[in-house]
Amino acid sequence: MGIELIDPLRNKEIKGDQVKRRHTLIAAGAAGALILGGLAIATLPASAAATGCSVAYKVQSQWPGGFTADLAITNLGSPVRGWTATFDFPDSDQKVTNGWSATWAQSGSHVSATSLDWNGTLDTGGSASIGFNGAWKGANPQPASVALNGVICTGSVTSPTPSPTATATGGPSGPAPELKVSGNKIVTASGKPYRLLGVDRSSGEYACVQDKGLWDGGPVDQASVDAMKTWNIHAVRVPLNEECWLGLNGSPKGTAYQQGVEDYVNLLVANGITPILDLHWTRGAYTDGPDWHCKDATATCQKPMPDAQYAPQFWTGVANAFKGNDAVVLDLFNEPYPEIAAGWDKTVGWQCWRDGGTCTGLPYETAGMQDLVDAVRATGATNVLMLGGLEWANDMREWLTHMPNDPLNNLAASWHAYSFNACATVSCWDSQVAPLAQHVPVVIGEFGQDDCGFDYMQQLADWADAHSMSYLAWTWNPWGCSSGGVLIKDWAGTPEPGVGEGLKAHLISQDPYSIP
């Protein structure tokens with residue numbers, strides 16, 4: 001990343017000298033069940049031919065000219081060390097455009113998907129999952145059969161699932177569930193896996209310091225929440241401002257700001273929507289930073305790291321306000337990037353990220369992620385905590401190595417994934433994010449693309465679904481979509497063409513309790 005721009009329409013930092021990426025046939029990686037278009041087929045690896053395996057081929061969604069398919073494989077025979085799934089499209093116009101969890105290739109109508117290093121071993125009863133986005137013209141028939149390691153398998157075949165319609169499903173019902181972390185999943189109090197699927201709702205981070213009230217004129221009433229429910233939104237990430245919560249600067253401030261946040265959180269929870277409170281803007285003078293960086297010492301922009309002076313105090317206050325309510329999730333700091341002040345030294349950056357203190361190139365004392373975890377837990381709060389990685393939360397490679405200690409083991413990784421980020425391809429997601437998701441829950445705290453389309457976002461959402469990840473799109477604010485990042489045309493939830501329509505249809509097709 002070479003630059004960071006402030007988009008006045010979105011009040012959102014747009015990172016990167018990463019230009020728009022258009023994806024071709026790509027490898028991807030994740031464990032689970034192999035899926036593709038609306039088919040269910042029994043398959044047999046060559047090394048397990050005596051007893052076989054099962055494969056489900058399913059079209060998840062379909063639209064004019066395109067579709068998303070998943071393939072789920074479970075080995076029922078002896079262990080397999082390396083596998084390749086193959087099939088033939090019945091129509092010459094059917095193509096795989098990009099895929100995940102395998103190395104995909106196509107020659108004519110023949111398609112192959114070869115396992116990656118991390119998912120090539122299938123023990124007896126073991127499973128793997130892959131998927132792809134495809135193109136078609138005229139007709140989109142399913143393959144007649146699928147082979148694994150050259151062995152043709154037979155089984156039941158179902159018709160492709162029609163594309164979801166953008167009509168309201170009624171949205172969530174009942175209050176939002178209390179949540180906790182169990183292994184690499186977020187689960188309810190009863191232990192049922194649950195995904196956070198929804199949007200970000202900006203303005204709580206900036207309006208109070210720009211004399212725009214608390215929510216920049218946008219409603220936070222029942223009608224506005226009902227609009228979210230028509231999209232089947234089950235989680236809303238709410239960015240906050242450190243100074244406004246503590247009453248240090250801005251208007252409204254202190255008690256009025258705190259009460260406004262608490263009222264909105266309570267309204268969301270009562271409507272079955274999980275609130276995610278995010279510390280977005282903090283104090284900290286980074287005057288020697290690049291010219292594009294905001295050098296204001298006050299909490300008027302994104303800083304490389306939270307400040308030791310006030311950030312722990314902020315989280316002590318927020319945790320005290322919401323402890324005992326585990327339906328609320330806390331996102332400790334939006335988009336860290338301490339490594340840039342150290343000349344892009346990621347080793348120094350990760351140490352600063354975890355431990356804080358005097359960090360190379362930063363003139364203010366920082367609070368590390370361990371400091372913020374400690375501040376929350378010292379209040380007795382047991383809420384799930386989300387932590388973003390380096391490079392504006394897009395680099396997650398050393399997250400697990402530097403994970404702070406939490407006595408409750410209640411931490412989730414918060415990953416941000418925009419089309420202009422460095423890690424914006426399926427192959428990168430497979431190599432950098434999928435391995436992390438095998439150990440801790442991964443929540444895509446923000447995602448979007450640098451235009452008003454939905455192609456990149458569709459690809460990422462499909463990949464996240466296949467990996468049982470949570471995700472929240474930026475942003476539920478009617479700012480006019482000219483360069484991306486805007487989902488709605490008005491507070492009634494009218495979707496922006498492309499990005500909004502695509503996300504709404506996708507969310508309606510999802511159930512947070514249904515884990516792929």
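The following legends describe close-up views of a predicted model.

Residues are numbered from 1 along each chain as its sequence is written. In this predicted model local features need pLDDT of at least 70 and side-chain atom pairs count only at pLDDT 80 or more, whereas totals for chains, interfaces and linings use all residues; side-chain values use heavy atoms, with hydrogens and water left out.

**View 1. Strand S10 with strands S7 and S9.** Strand S10 (residues 110-114) runs antiparallel to strand S7 (residues 84-88), joined by five bridges, and antiparallel to strand S9 (residues 103-107), also through five bridges. Strands are DSSP runs (E, at least two residues) and helices likewise (H or I, at least four), numbered from the N terminus; two strands pair if DSSP finds at least two bridges between them. Thr84 has Thr114 of S10 as its bridge partner, and Trp104 stands opposite Ala113 in S10. Two residues lie between the strands in the hairpin of S9 and S10, where Gly108 takes a positive phi near 60°.

**View 2. The disulfide of Cys208 and Cys244.** The S to S distance is 1.9 Å, and a disulfide is a pair of cysteine sulfur atoms within 2.5 Å. The pair links distant parts of the chain, 36 residues apart: Cys208 in the loop between strand S17 (197-200) and helix H1 (222-229), and Cys244 in helix H2 (residues 242-246). Both Cys208 and Cys244 are buried (under 20% relative accessible area; exposed is over 50%, partly exposed in between; 1.4 Å probe, protein chains only).

**View 3. The disulfide of Cys423 and Cys428.** The sulfur atoms of Cys423 and Cys428 are 2.0 Å apart, and the link is left-handed, with -120° about the S-S bond. Cys423 counts as buried because its relative accessibility is 2%.
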